[in-house]
Amino acid sequence: MARGRSLRGSGGLRILAASAGGYAVFLAAAPRTSWWTAIIGLALIGGSLHGCRVKPALGLSFLAGATFYLPLLTWSNIYVGSVPWLGLSVLEASLVMPAGTLIAVASRRLPGWPFFAAAAWVFGEALRARFPFGGFPWGGIAFTQPDGPLLPAASLVGSAGLAFLTALAGFGLAESGRRIWVHRHELSRAAVRRSVLIGPVIALLVPCAIGGIGRTTEHSTAADPTETVAIVQGNVPRAGLDFNSQRRAVLDNHAARTHELAAAVRAGTAVQPSLVIWPENSSDIDPYDNPDAAQVINGAAADIGVPILVGAVVGAGPAGAYNMGIVWDPVTGPGQTYIKRHPVPFAEYMPWRPFFRFFSDKVDLLRTEFLPGDRAGNLDVAGVNVGDLICFEIVEDSLVRDVVNGGAQVLVVQTNNATFGYSNETWQQQAMSRVRAVEHGRQVLVVATSGVSAVIRADGSVESRIGLFTPGYLTPTVSLATATTPGTVLGGPVEWILTALTPLALLGALLWRRRRTLEPMEEPSL
């Protein structure tokens with residue numbers, strides 16, 4: 001017992017481990033490809049929390065969350081100042097605290113604690129994905145793994161399962177280090193080595209094994225039908241919040257690139273696409289209310305001769321607006337639409353505006369509030385079932401799953417990253433899209449106003465891209481998948497099971513101990 005207590009160490013070492021752990025997890029985020037630093041970071045966080053009581057666990061987990069979210073979300077302060085960035089980062093860090101507390105308690109109460117700690121981490125991510133204001137799941141641990149060996153597991157157990165396996169590897173590593181330290185004077189005996197290491201080694205190998213099995217379940221697109229799809233990145237006059245301050249400039253840019261593509265098709269230097277995708281906010285004025293905007297889109301669609309999926313802000317009146325995808329036919333004009341289902345709080349609508357105005361007058365920079373849609377983004381574009389996801393929606397498990405269950409043959413992310421400049425935001429979004437491609441066995445087309453637009457294969461690799469603030473177009477041949485991966489079917493149930501696992505296990509352990517305490521002692525026989 002003395003050695004076990006001594007391992008708990010000083011508060012300073014725990015603080016250092018928690019801080020370094022959170023920052024190491026950040027170092028795994030895109031555009032970096034060092035997936036393994038997330039596992040090391042989780043090991044440090046697990047080591048700092050092991051054996052802790054509740055109060056220090058709260059502080060340590062907040063510290064780990066802060067050193068992760070503060071650098072991760074720096075893109076949120078580029079044009080609006082530090083207050084929103086600090087507020088969002090502190091809020092997300094505080095929501096790491098319940099998971100950290102569960103990890104600490106599990107390490108003291110449950111055998112095989114790395115397994116329950118990994119489940120507790122999923123519990124924390126599920127909480128952040130739903131609370132407050134509908135949640136902000138940005139920063140999920142699964143999205144640090146698009147270049148790692150565990151990625152194929154997403155096709156088997158979904159992104160929540162991938163997060164669990166990544167966390168299990170990290171906490172298993174923490175337990176290996178802990179046991180080696182505790183038994184460092186006894187490690188010369190082979191029997192002790194086996195007893196010390198076998199459990200943690202299993203915790204490290206299981207994720208890799210499931211990742212290998214997941215590779216066998218990845219959808220092969222070889223037998224799928226294909227279509228040529230054009231994605232257009234028109235660029236914006238300037239980066240920043242006023243990217244669309246020059247009337248119709250963004251729309252004209254996207255129309256001009258589409259006319260260039262049509263000319264290339266006629267010249268035989270480009271393949272005729274079956275459909276064209278424009279990004280979110282590609283029409284910077286409402287084409288329903290502005291005849292000149294409608295005329296520009298009509299001209300582009302007629303020139304290329306196929307439907308265009310246009311992103312537009314529609315109905316910007318006092319009652320609110322819609323962030324909308326519109327299927328624009330070259331003959332009949334606007335048809336099917338999709339309205340973004342989860343507008344982003346503080347970016348697309350302002351909750352509790354009077355309250356937050358006490359902290360910053362920047363809340364009033366958001367003048368038009370977006371209203372949510374109520375149905376999944378499955379659109380028929382030239383006979384292709386397109387699963388339309390607008391910007392941040394790619395990070396939300398249920399919204400992506402809904403369009404796949406709705407028959408989406410290809411996933412499209414219409415996005416406008418101009419308001420984040422040259423930051424890492426667009427690369428982090430692309431990493432999420434790569435994980436989604438594997439999870440659901442679908443190609444993903446990321447179509448951005450200012451970049452980075454990209455074509456992502458079903459195995460998560462990036463086929464081609466257009467750089468930041470560079471106008472252009474791509475005409476990839478896209479596989480139209482119809483098969484359903486286990487990750488699509490199991491992703492939701494896996495998340496709920498893992499979310500409930502550690503609280504229920506701790507409750508069961510508490511009831512068991514109480515029952516044993518209350519059992520009457522047997523009277524000695526005479």
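**Entry 1: H7 and H8**

I began with two helices, H7 (residues 113–128) and H8 (residues 154–182), whose axes come within 8 Å and cross at roughly 140°. I am working from a predicted model. How do H7 and H8 lie to each other? An angle over 145 degrees would count as roughly antiparallel, and 65 to 115 as roughly perpendicular. H7 and H8 are therefore oblique to each other. I then looked up the handedness: H7 passes H8 in a right-handed crossing.

Next I listed the residues that make the contact. From H7 I noted Trp 113, Pro 114, Phe 115, Ala 117, Ala 118, Ala 119, Trp 121, Val 122 and Glu 125. H8 brings Ala 160, Ala 163, Phe 164, Ala 167, Leu 168, Phe 171, Gly 172, Ala 174 and Glu 175. I sorted the contact by class and got 15 nonpolar residues, one polar and two charged.

**Entry 2: Aromatic pairs**

I searched the whole structure for aromatic pairs and found 14. One of them joins Tyr 23 and Phe 26. Their ring centres are 5.4 Å apart, and the planes stand at 45°, so I logged the pair as tilted, between the limits of 30 and 60 degrees. Where do Tyr 23 and Phe 26 lie? Both are in helix H2 (residues 11–26). They are three residues apart, about one turn of the helix.

**Entry 3: Confidence**

I checked the pLDDT last. The chain averages 88, and 82% of the residues score at least 70. Residues 1–9 fall below 50. I looked up the contacts of this stretch too: beyond near neighbours in sequence, residues 1–9 have eight in the model.

Technical notes. Residues numbered from 1 in each chain as written. Predicted model: local features only at pLDDT ≥ 70, side-chain atom pairs only at ≥ 80, totals over all residues. Heavy atoms only, no water. Axes fitted to C-alpha atoms, helices over the stretch in contact; angles between N-to-C directions. Helix = DSSP H or I, 4+ residues; strand = E, 2+ residues; numbered from the N terminus. Parallel < 35°, antiparallel > 145°, perpendicular 65-115°, else oblique. Left-handed = near helix turned anticlockwise from the far one by under 90°. Contact = heavy atoms within 4.5 Å. Nonpolar A, V, L, I, M, F, W, Y, C, P; charged D, E, K, R; others polar. pLDDT = per-residue confidence, 0-100. Phe/Tyr/Trp six-rings, centres within 6.5 Å; stacked < 30°, edge-to-face > 60°.
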